[in-house]
Amino acid sequence: MTHRRLIVGNWKMNPQTADEAKKIARAARARASALAHASVVVCPPFPFLPACASRAAAPHYELGAQSVSVDASGAHTGQVGAAMLHSLGARYAIVGHSEERKAGDTDATVSKRLSMAVASGMTAILCVGEESRDESGSYFAALKAQIEGSLAGAAAADASHVVIAYEPVWAIGAKEAMLPDQVAEAVIFVKKAFSDLFGAEAGRSLKVLYGGSVNFRNAADIIRIGRADGLLVGRESVNIPGFAELLKAVDEA
Ligand code: PGA
C-alpha cells in the first residue's frame with residue numbers, strides 16, 4: 001500500500017457538550033494510534049476543537065474544521081477564520097459540504113474557503129457530488145463543473161493540499177451508501193478531472209474519499225472494491241463503538 005487511508009469524521013452539529021466531545025475524540029484517538037493502514041481526522045463543531053485536541057502525541061490522529069470563513073479577519077460577525085482554526089490545532093478543513101451549499105455556498109465561495117484553508121497551512125477537504133442521478137449520465141458533467149468551479153482559485157502549488165470527498169447528495173443521511181462499483185467509477189472520474197486541471201502527477205497523488213451513509217458494515221467494500229482512498233463519515237463518526245468497528249474494518253480491508 002502506498003499511503004494510509006484517510007478516515008474523516010464529520011460530526012456536524014453533534015454532540016451537545018464538550019464533555020461528550022472529549023469522550024468521542026478520546027475513543028477515536030485510542031483507535032487511531034493502533035492503525036497500520038489508516039489515519040483519522042476528527043472534525044468537531046468549532047467550539048469543541050480544544051476539547052478534541054491531544055496534549056500528548058497522538059499517532060495517526062488529526063483535527064479538522066467543518067468549514068472556514070471566506071474572509072481572513074475583520075468585521076465578519078459570526079465567522080471563524082482559517083488562521084484561528086489552525087491556531088487551535090486544525091490541520092484539515094472541510095469546504096463545500098452539500099449542507100453548506102444548500103445554505104447558500106456556491107462554487108465561488110467554496111473556492112475562496114479552500115484558498116483560505118490552504119493559505120493557513122491546512123489541507124482542504126473539498127466536497128463535491130451530484131444532487132441526483134438519471135439514465136442520461138448528465139451528472140458527470142455537473143460533477144466536473146463543480147470540481148472546476150470549486151478549484152477555480154487554486155494554484156498548481158495548492159493541489160497537494162487538497163483532498164476531494166465525493167459525496168453524492170442523494171446518499172448522504174440515507175439508508176444505504178452508493179454501491180462500491182459506482183464509487184470506483186466516480187473515484188476515477190474525479191481523479192481524471194483533477195488531472196485535467198493540475199496535471200497527471202497531481203491526479204495520481206490526489207486522495208479521493210467517498211462519503212454518504214458509510215458505516216462499519218459497508219466501509220471495507222467501499223475501500224476495497226470502490227477503490228476510495230478514504231471515507232468521509234457523518235453519523236457513524238459520533239457513534240463510539242460503530243466508529244471503532246469502522247476503523248478496524250478499513251485497516252484490515
Ligand atoms: P452520513 O453523512 O455519513 O451521515 O450520511 C456524511 C456527510 O454528510 O459527510
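Mentor: Start with the strands, which are DSSP runs of E with at least two residues, while helices are runs of H or I with at least four; both are numbered from the N terminus. Two strands pair if DSSP finds at least two bridges between them. Here eight strands form a closed barrel, in the order E1-E2-E3-E4-E5-E6-E7-E8, with parallel pairing. From one strand to the next the twist averages 25°; axes are lines fitted to C-alpha atoms, for helices over the stretch in contact, and angles run from 0 to 180 degrees between N-to-C directions.

Mentor: This is a predicted model, in which local features need pLDDT of at least 70 and side-chain atom pairs pLDDT 80 or more, while totals for chains, interfaces and linings use all residues. Residues are numbered from 1 along each chain as its sequence is written, and side-chain values use heavy atoms, with hydrogens and water left out.

Trainee: How many bridges join E2 and E3?

Mentor: Three bridges, in the parallel sense, link E2 (residues 38–43) to E3 (residues 61–65). Val40 has Tyr61 in E3 as its bridge partner.

Trainee: Which strands does helix H10 touch?

Mentor: Contact means heavy atoms within 4.5 Å. H10 (residues 240–252) packs on the sheet and touches E1 (5–10), E2 and E8 (230–233), and its direction makes about 165° with that of E1.

Trainee: Which residues surround the ligand?

Mentor: A residue is near a molecule if one of its heavy atoms lies within 4 Å of it. Those around the ligand include Asn10, Lys12, His97, Glu167 and Gly173.

Trainee: Where is Lys12 found?

Mentor: Lys12 is in the loop between E1 and H1. Its phi is near 55°, a positive value in a residue other than glycine. Pro15 is in the loop between E1 and H1 (18–33), and a cis peptide bond joins Asn14 to Pro15, with omega about -10°.
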